[in-house]
Protein chains: 2
Amino acid sequence: MKFYQSWEGRSCNPERNAWFPATVPGNIQKDYAVANGFADVQFADNYKQFVPLENDHWEYRTTLKFDHVPGEKVFFVTHGINYRYDILLNGECLFSYEGMFRGNEVELTDKLTGKDVLTVHIHPHPKSTRGKAGTRDEANESCNPPVYYGWDWNPRLLISGIWDDTYIETRSDSYIANCELLSEVSDDLSVGTVRCSFDCALPCEILLLDEEGKEVYRGTDKQFTVNAPALWWCNGQGNPTLYTWIVRNAREERTGKIGFRRLRLLRNADARGPKSFPKGRYEAPITVELNNRRIFCKGSNWVNPELFWGEITKERYEELIRLAKECHMNIFRMWGGAGTPKESFYDICDREGILLWQEFVLACNEYTDVGNYMQTLENEATGMIKKFRHHPCLAFWCGGNELFNAWSGMDEQSAPLRLLNKLCYELDYKRPFLYTSPLYGMAHGGYVFYSEDQGGDVMQQFQNSRNTAYTEFGVPSLSDVETLKQIIPADELFPIKETEAWTAHHGFKAWGRSRWVCQDVYERYFGTPDSLEELVAGEQWMQCEGYRGAFEEMRRQWPHCSMGINWDYNEPWITAAGNELIAYPAKINPCYYYVQKAMRPTLFSARIPRFDWKEGETFEAELWLLNDAPEAASGKVHVTAKVGEETFDLLEWSAETDANSHKRGPTVRFVLPRAEGANKVILTLSAENGMESEYEYLYRAKSRKPVLRQLNV
Amino acid sequence: MKFYQSWEGRSCNPERNAWFPATVPGNIQKDYAVANGFADVQFADNYKQFVPLENDHWEYRTTLKFDHVPGEKVFFVTHGINYRYDILLNGECLFSYEGMFRGNEVELTDKLTGKDVLTVHIHPHPKSTRGKAGTRDEANESCNPPVYYGWDWNPRLLISGIWDDTYIETRSDSYIANCELLSEVSDDLSVGTVRCSFDCALPCEILLLDEEGKEVYRGTDKQFTVNAPALWWCNGQGNPTLYTWIVRNAREERTGKIGFRRLRLLRNADARGPKSFPKGRYEAPITVELNNRRIFCKGSNWVNPELFWGEITKERYEELIRLAKECHMNIFRMWGGAGTPKESFYDICDREGILLWQEFVLACNEYTDVGNYMQTLENEATGMIKKFRHHPCLAFWCGGNELFNAWSGMDEQSAPLRLLNKLCYELDYKRPFLYTSPLYGMAHGGYVFYSEDQGGDVMQQFQNSRNTAYTEFGVPSLSDVETLKQIIPADELFPIKETEAWTAHHGFKAWGRSRWVCQDVYERYFGTPDSLEELVAGEQWMQCEGYRGAFEEMRRQWPHCSMGINWDYNEPWITAAGNELIAYPAKINPCYYYVQKAMRPTLFSARIPRFDWKEGETFEAELWLLNDAPEAASGKVHVTAKVGEETFDLLEWSAETDANSHKRGPTVRFVLPRAEGANKVILTLSAENGMESEYEYLYRAKSRKPVLRQLNV
């Protein structure tokens with residue numbers, strides 16, 4: 001039996017150590033803020049109210065209330081406390097731990113008096129002194145999510161507390177402990193094998209039910225097979241079939257889901273090295289093969305959807321994952337800097353067919369064998385692997401983000417990564433493990449719509465790249481005007497200046513001086529904006545077409561390229577500018593719809609070599625039939641273009657292609673006419689069955705500044 | 001007490017199962033050949049005499065002779081039996097094992113009758129059917145050295161037998177088992193730590209003596225420190241200081257050597273990735289840092305120095321390692337296809353300061369989790385790690401050769417490599433581990449003096465490459481005339497044709513049709529040869545200057561490039577043509593002396609852009625002062641050139657440079673004169689203290705075939 005407790009909390013700082021009600025799960029700084037009337041953290045730079053609390057110790061306490069049947073054992077159970085803590089019963093310390101991702105349980109039975117106060121003492125977050133104070137460097141000797149320390153989309157908030165499910169549990173001899181079912185399927189997919197493990201003093205029965213609830217197995221063998229199992233597929237490739245298991249005895253039962261799928265990481269279709277001697281290695285494998293089918297992975301980078309992680313609910317996950325599925329995504333990269341979600345997230349991804357690239361909690365830092373870091377990492381990683389390995393959605397493990405880049409300084413010889421490789425091998429043998437992203441062949445970036453250094457606009461950048469996987473890239477934009485009004489004082493809204501509010505919300509100094517606000521890029525195309533509305537509309541236009549152009553180009557590069565994963569999907573608070581598809585809390589940005597178009601399983605696509613065009617130039621577009629569906633596709637496209645009032649009837653093309661493959665078609669061309677007042681060339685690919693596309697690129701009549709209109713999305 | 005036995009052997013094939021005397025250690029096929037009067041294996045294609053024996057089972061037997069004090073235990077001990085075998089006592093099988101590199105011991109005590117016959121039953125070599133029969137593919141499911149199955153420098157010879165030290169050992173309660181001392185030094189090199197482990201029923205004392213025999217430690221602590229230890233350095237960087245340890249009790253003692261050194265693999269000085277977005281990872285670390293000093297590793301690839309591995313003696317190792325040291329080498333790459341030597345090899349390398357890049361026994365095949373391969377690999381790798389990890393010369397482990405290339409098909413996700421990474425991490429934490437060679441940034445090849453595809457001659461190839469390490473590359477030549485006469489029938493010597501003898505000795509079809517004979521490359525420069533002597537002289541000239549040009553260029557690319565390791569150092573039999581510096585058995589090829597010149601710690605070097613020059617062209621050479629010594633260097637060079645009778649006094653240059661660094665100097669230029677009959681432009685860099693160099697490159701007067709003279713070496 002589980003018994004949830006009522007908690008109160010306080011800072012141990014004598015200047016502010018009054019008790020206040022604590023929400024569990026939650027974050028104690030948030031409880032403190034509520035009790036002390038902090039101003040809205042979303043507005044301006046109000047998050048700085050939390051800075052003075054950073055070095056406080058904190059305490060939770062509760063007077064235990066539960067029904068104790070004599071003979072039963074009593075445990076304190078937590079799925080996660082953040083970050084260094086001690087568990088005390090009536091003042092006696094029974095357990096100490098560092099790390100927020102491994103659950104722990106502490107037996108209380110013999111220490112109970114009948115009137116018991118349980119205390120959770122939270123230490124301040126570690127702050128490594130190897131690096132720059134006040135930055136993510138402070139996380140480089142711990143398993144603490146480095147985003148807490150400040151990132152270019154997350155304000156610095158060193159939150160802590162009882163952040164995941166936590167309760168008192170009484171256990172009789174019928175208690176079923178450590179119950180886990182793991183499934184795998186034979187190479188030819190014909191036979192599934194289930195391995196079951198648990199500890200119980202009583203005999204237990206094991207059941208496996210198919211999706212219709214029909215019994216597939218009932219018995220007591222801890223290993224059994226399932227013939228011709230229905231397979232688990234990711235979104236777009238088939239049904240994410242789950243089987244339900246039950247382990248039970250006369251008084252208790254455990255239940256859960258498993259899926260049968262075979263997943264490997266294979267080398268890309270024409271993985272390359274230098275063609276002639278001296279000759280290096282070929283590119284690292286990054287093509288997902290699911291159930292013996294190579295697939296293109298399309299998705300986004302997931303980060304914590306709230307600033308206060310303890311407040312995240314299953315419902316928050318549900319709405320965000322639903323939107324990803326509707327966007328035709330089949331993968332999230334679970335970016336290492338933001339730790340891992342609560343387990344309900346994985347259950348939903350199992351159900352919805354969203355693959356997960358799961359990173360450990362390392363990002364952009366040089367983690368080394370120093371102090372007790374290796375032991376903490378082993379504890380946390382072991383906990384994570386055991387917690388999540390049964391999920392069919394979990395595609396592969398990864399050491400962390402950008403560890404093989406100059407700003408991190410790690411490499412294949414780094415002990416923490418060798419440890420993670422070893423632990424995954426031992427505890428989760430069949431699941432691939434990557435040291436980091438990017439590996440050889442893969443790439444991160446760019447994160448701008450236009451850069452001369454990077455070879456032009458986003459279409460040019462990716463059309464001229466030949467990477468095996470684009471696992472981060474972004475196209476920034478200002479948030480919409482309504483959103484900006486929520487977070488920026490009215491008198492700072494326009495013209496945009498580098499104020500505290502804009503800076504706090506990542507408009508400035510998040511990355512470079514103003515990469516996310518990116519007014520310089522706007523002005524390159526549109527000149528000086530006359531209003532915030534005009535500026536936002538132009539930036540959103542670039543972001544929409546930029547994201548679409550990038551994603552469609554990555555798909556066109558299949559099978560040499562096997563992944564397109566943008567930075568980022570969601571963000572944990574309202575930002576003034578950024579790259580996210582879904583604004584906080586779950587507001588759909590215009591670019592989401594363009595990504596959704598680009599990710600449709602089957603569509604006609606146009607490879608347009610750049611964004612901006614001028615009167616008199618020859619506009620061109622290479623036609624493609626893209627098909628990620630597991631069936632062959634065919635269709636007819638009618639291509640027309642429009643500039644101002646003038647229309648061009650360009651081509652009809654009928655095409656067909658196999659499952660999970662594309663067809664490259666003809667290139668259409670026409671000379672851009674004079675069209676005073678027009679600012680768009682609109683290329684329309686008319687087709688049936690939802691395969692149509694329409695591109696709006698920039699057009700300028702000679703010597704005219706285009707008149708910008710609100711973008712229709 | 002150890003008791004060596006007299007052995008006899010036989011094939012179990014009823015057609016040829018007569019007993020014959022067997023040499024232990026040795027190879028049973030060789031014993032059979034001696035007993036049956038096989039013709040000289042070196043000559044022509046006589047090695048094919050062994051092919052019919054490939055699938056035989058074999059047996060060794062001995063009637064045990066040893067002094068057995070009552071109460072003592074009796075063991076059969078072997079350091080290596082090749083490859084699958086059973087140990088039987090009086091017909092009863094006591095032990096079975098697969099793998100030649102882990103030693104084993106089998107207790108006999110309770111089975112002894114007083115009149116005992118011990119039998120070693122050898123199974124035929126495994127032949128995987130996943131691949132092409134009769135090739136190295138047959139080794140892809142075992143830990144058998146794939147060279148046995150045939151390589152482009154090793155004839156196919158599936159040898160087996162008791163190949164390493166093997167005896168009966170009696171053990172009383174004073175026996176000291178599993179004795180191992182491991183040493184490490186603190187990061188600042190100030191404190192050495194020694195960890196000692198052994199099993200003995202009696203108390204034992206531990207001694208550590210320095211190079212002069214002075215006691216540094218005496219006591220019974222299994223861990224102790226040594227303040228300010230004298231460090232172990234590799235050749236050219238300092239003294240390879242060894243300490244002697246003794247573990248002893250009243251009746252027995254063990255002894256061995258350890259050294260104190262700190263070795264890491266670091267990223268190269270300007271490890272690169274793409275400069276702009278989309279941005280990948282930087283190059284993999286491959287710079288050796290020894291005792292906190294980054295060094296350039298120069299050396300060669302080591303392979304088995306005999307066809308019959310059981311016959312290899314410590315003396316063979318001594319002469320070959322001595323020559324490497326005299327060549328100024330500081331590293332051998334212990335190429336995975338050829339397994340590992342006997343342990344005396346490592347003792348010598350410890351003493352002489354030769355670092356070892358030690359590969360496991362995987363090469364050019366796709367090894368996967370199939371059958372019992374993973375278990376065999378774990379057994380063998382564990383044995384190798386425990387056997388060799390105490391050696392200071394052992395720089396780092398490596399999974400094997402060219403596993404991340406198309407002809408192998410493995411990658412980071414390959415289970416055998418993840419297992420090796422795990423084992424090295426667990427058993428030898430501080431020693432680096434590479435998955436394979438080459439990794440990202442590194443390169444293998446080329447292996448020709450000239451190739452249009454590869455960008456020209458060997459000087460051009462490497463001057464236009466920017467790799468972090470060149471860990472295999474070769475410049476082939478015919479063997480000298482005297483050598484060829486030993487192995488090729490007289491009537492086939494010239495003109496060279498693709499006969500059985502030439503093919504057997506790797507002149508033809510070893511790699512491509514005739515890559516090693518490379519008469520086509522000769523003819524590109526010299527036209528049709530009139531004699532074998534002329535052909536050999538021309539090829540040796542190319543090989544000598546080619547190797548020198550390559551090695552000096554790699555050194556000039558320091559610190560971005562941190563290794564130059566040619567293919568190969570030695571070979572196991574007489575070849576008609578190849579890349580080796582030392583011909584079988586220990587005959588110095590002319591190119592050895594050119595490599596020796598190129599590897600001198602300090603020298604003046606000329607970067608000459610290509611090998612062949614014509615009258616009227618502007619010859620040029622960029623001057624460098626190369627210095628791999630651990631002290632600063634300086635000197636003055638006087639540069640002159642000579643073509644036919646004409647001499648050019650070009651430049652004097654004084655230069656100095658720091659320890660382990662180079663100085664780039666001026667470029668000299670002059671127009672090549674008409675010099676009928678001359679075939680060389682000789683560039684002389686006169687200097688003192690052994691820093692001088694002289695380059696002989698090809699010169700042609702217009703429309704004249706150069707008259708070739710014997711090369712003076």
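The side chains of A:Lys422 and B:Glu426 meet in a salt bridge, with N and O 2.8 Å apart; the term stands for a side-chain nitrogen of Lys or Arg within 4 Å of a carboxyl oxygen of Asp or Glu. The model is predicted, so to speak of local features pLDDT of at least 70 is needed, side-chain atom pairs count only at pLDDT 80 or more, and totals for chains, interfaces and linings use all residues. Residues are numbered from 1 along each chain as its sequence is written, chains are lettered from A and ligands numbered from 1 in the order in which they are written, and side-chain values use heavy atoms, with hydrogens and water left out.Across the interface of chain A and chain B, the rule finds six salt bridges. The residues on the side of chain A that touches chain B divide into 30 nonpolar, 12 polar and 11 charged. In this grouping, Ala, Val, Leu, Ile, Met, Phe, Trp, Tyr, Cys and Pro count as nonpolar, Asp, Glu, Lys and Arg as charged, and the others, Gly among them, as polar.

The contact takes 53 residues from chain A and 54 residues from chain B, where contact means heavy atoms within 4.5 Å. The size of an interface is often given as the accessible area lost when the parts come together. Chain A and chain B bury about 4,300 Å² between them, 53% of it on carbon and sulfur atoms; this buried area is the accessible area (1.4 Å probe) that two parts lose on being put together, summed over both. The interface also holds 27 residue pairs in polar contact, with both residues at pLDDT 80 or more. A polar contact is a pair of N or O atoms within 3.5 Å; within protein, one must be able to donate a hydrogen and the other to accept it, and residues adjacent in sequence count only if both atoms are side-chain atoms.

Within chain B, the axes of helix α9 (residues 519-526) and helix α10 (residues 532-556) come within 10 Å and cross at roughly 90°. These axes are lines fitted to C-alpha atoms, for helices over the stretch in contact, and angles run from 0 to 180 degrees between N-to-C directions. α9(B) and α10(B) are therefore roughly perpendicular to each other, a label given to angles of 65 to 115 degrees. Among the residues making the contact are B:Tyr522 and B:Phe526 of α9(B) and B:Leu535 and B:Trp541 of α10(B).

Over all chains, the count comes to 110 salt bridges. One of them joins A:Arg674 and A:Glu615, whose closest N and O atoms are 2.7 Å apart. This pair links distant parts of the chain, 59 residues apart.

Some loops deserve a look too. A:Ser661 lies in the loop between β41 (646-657) and β42 (663-671) of chain A, and its side chain reaches the backbone oxygen of A:Asp658 at 3.1 Å. The peptide bond from A:Ser437 to A:Pro438 is cis, with omega near 0°, and A:Pro438 is found in the loop between β27 and β28 of chain A. In chain B, a cis peptide bond joins B:Phe277 and B:Pro278, with omega about -10°. B:Leu189 has a positive phi of about 70° although it is not a glycine.

Note on methods:
Helices (H or I, at least four residues) and strands (E, at least two) are DSSP runs, numbered from the N terminus. Angles under 35 degrees count as roughly parallel, over 145 as roughly antiparallel, 65 to 115 as roughly perpendicular and the rest as oblique.
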